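Keep the picture open beside the text and follow along.

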Amino acid sequence: MYDIIIIGAGPTGLTAAIYAARRMMKTLVISKNIGGQMVWASEIANYPGVKTIGAIELVQNMSQQVKDFGVGIKIDEVKKIDKNTDGSFKIDGKKQSYLTKTIVLAMGLAPKQLGLARENQLVGKGISYCANCDGPLFKGKPVAVVGGGNAALDAAEVLSKIASQVYLIYHKPKFKGFESLVAWVEARKNIIIMLASDVVEIIGEQKLERLKIENKIDRTVKEIKVDGFFIEIGHMPKTEWLADLVERDGKGQINADLSAKTSQAGVFAAGDVTPGEFKQIIIGCGQGAVAALSAYKYLQEKK
Ligand SMILES: Cc1cc2nc3c(=O)[nH]c(=O)nc-3n(C[C@H](O)[C@H](O)[C@H](O)COP(=O)(O)OP(=O)(O)OC[C@H]3O[C@@H](n4cnc5c(N)ncnc54)[C@H](O)[C@@H]3O)c2cc1C
């Protein structure tokens, strides 16, 4: 029986783990990966105390700090949480079950999908949600990016330095990202911009071969041959499986108050998985600290 189990090893969960360990709580972190969205970023330049740091180095520093406090990080995916009659919780992961007195939900956000046939089948076989991670796999080859916000523009910029050609496809007539990024992308010779266009079909069986693109104005359809396809259309929480445990808002974000308390006593939530307007590492870290301290207080008051 743990005092606290933190689900998610992004910056929010890792900070919660440090605070819980410093309160001498018996702590475990369970996560599908270590670092969360930070592994998709490149340089982090807005974390106080470190002028700029590679995202991977920051992840390593944070997880090492957690391990140095004697906290285990278990790689597992949580599928279900049940409340026991004594007020503790049973957490079912894919690999095993865990028992705990309190929980911090720090599951962050997952990339949004287009929802097209073959999208799931070809992830890792040409389809990716992370240009920084997978871009180097497509050196000298043609790739496509879908999306019109800063993430998509960023991805196009990164990929234009690696790939032979980058098709940047967006369903609206005008990009919604920063003007400076738009100007950069427009000036780049090997970026082909396809506005007011939808990706309507992914073609390929063992690996990605082509994309079918429809122009929404003149309804013409054309196929482009690409080796890589980067889907950069935003992120969303994946919390359907928690519907019976905690209250969520219309977007699936877990409602939590300023003390990180959810609608369920003993369950706290923090970071990108909660409804805060701004989603950033430093914000997640702050909220993760609050969640762990609130869980500690909850246990003290129960004694
Ligand atoms: C490309 C990119 C660049 C960015 N650059 C910056 C930047 O420069 N500066 C900045 O401040 N912010 C940046 N951000 C935002 C920042 O990364 C996020 O705000 C931050 O990572 C949120 O932290 P989190 O711990 O709340 O969630 P996440 O980082 O999303 O971590 C959630 C963790 O929970 C795990 N998880 C989810 N569901 C389950 C489950 N069911 N079972 C077990 N584990 C689960 C995930 O695998 C993940 O490890 C960037 C984001 C992206 C995508």
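Let us start with the ligand: β1 (2-9), α1 (11-22), β2 (27-34) and α6 (281-302) each supply at least two residues of the shell around it. The biggest contribution to the shell around the ligand comes from β2, with four residues. In total 33 residues surround the ligand, and the closest are Gly8, Gly10, Gly36, Gly108 and Gly271. Sorted by class, the shell has 15 nonpolar, 13 polar and five charged residues. For that sorting, Ala, Val, Leu, Ile, Met, Phe, Trp, Tyr, Cys and Pro count as nonpolar, Asp, Glu, Lys and Arg as charged, and the others, Gly among them, as polar.

A word on the model itself. It is predicted, so local features need pLDDT of at least 70 and side-chain atom pairs count only at pLDDT 80 or more, while totals for chains, interfaces and linings use all residues. Residues are numbered from 1 along each chain as its sequence is written.

**Two domains**

The protein chain is divided into domain 1 (2-109 + 237-302) and domain 2 (127-231), with bounds from an automatic or database domain assignment. Taken over C-alpha atoms, the centres of domain 1 and domain 2 are 33 Å apart.

**The five-stranded sheet**

Five strands make an open sheet in the order β10-β17-β11-β12-β13, with parallel pairing. Because β10 (127-128) and β13 (191-194) stand at the edges with a single partner strand each, one side of each has no neighbour in the sheet. Two strands count as paired if DSSP finds at least two bridges between them. Strand β11 (residues 142-146) runs parallel to strand β12 (residues 165-169), and five bridges join them. Along this pair, Ala144 stands opposite Tyr167 in β12, and Val146 stands opposite Ile169.

How enclosed is β11? Four of its five residues are buried, so β11 is largely enclosed by the rest of the structure. Buried means that 20 or more other C-beta atoms lie within 10 Å of a residue's own, exposed means 12 or fewer, and partly exposed lies in between, with C-beta atoms placed from the backbone.

Helix α4 (residues 150-160) lies across β11, β12, β13 and β17 (228-231), at about 170° to β11. Such angles run from 0 to 180 degrees between N-to-C directions, using lines fitted to C-alpha atoms, for helices over the stretch in contact. α4 is mostly covered, with eight of its eleven residues buried; among them are Leu153, Asp154 and Leu159. The buried residues of α4 pack against α3 (131-134), β11, β12, α5 (179-187), β13 and β17. Contact here means C-beta atoms, placed from the backbone, within 7 Å.

**The three-stranded sheet**

An open sheet of three strands has the order β14-β15-β16, with antiparallel pairing. Its edge strands, β14 (197-203) and β16, each pair on one side only. From one strand to the next, the twist averages 30°. Five bridges join strand β15 (residues 210-215) to β16, and Leu211 has Ile224 in β16 as its bridge partner. β15 and β16 form a hairpin with five residues between them, and Arg219 in the turn has a positive phi of about 60°. Of the five residues of strand β16 (residues 221-225), zero are buried, so β16 lies largely in the open.

**Two loop residues**

Ser42 is in the loop between β2 and β3 (43-44), and Ala243 is in the loop between β18 (235-236) and β19 (267-269). Ser42 counts as partly exposed because 13 other C-beta atoms lie within 10 Å. Ala243 has 10 C-beta neighbours inside 10 Å and so counts as exposed. Leaving aside neighbours within four places in sequence, Ser42 is in contact with Ala55 and Asn132.

| Pair | Apart in sequence | C-alpha to C-alpha |
|---|---|---|
| Ser42 and Asn132 | 90 residues | 6.7 Å |
| Ala243 and Ile254 | eleven residues | 9.4 Å |

Definitions and conventions
Two residues are in contact if their C-beta atoms, placed from the backbone, lie within 7 Å. A residue is near a molecule or strand if its C-beta atom, placed from the backbone, lies within 6 Å of it.
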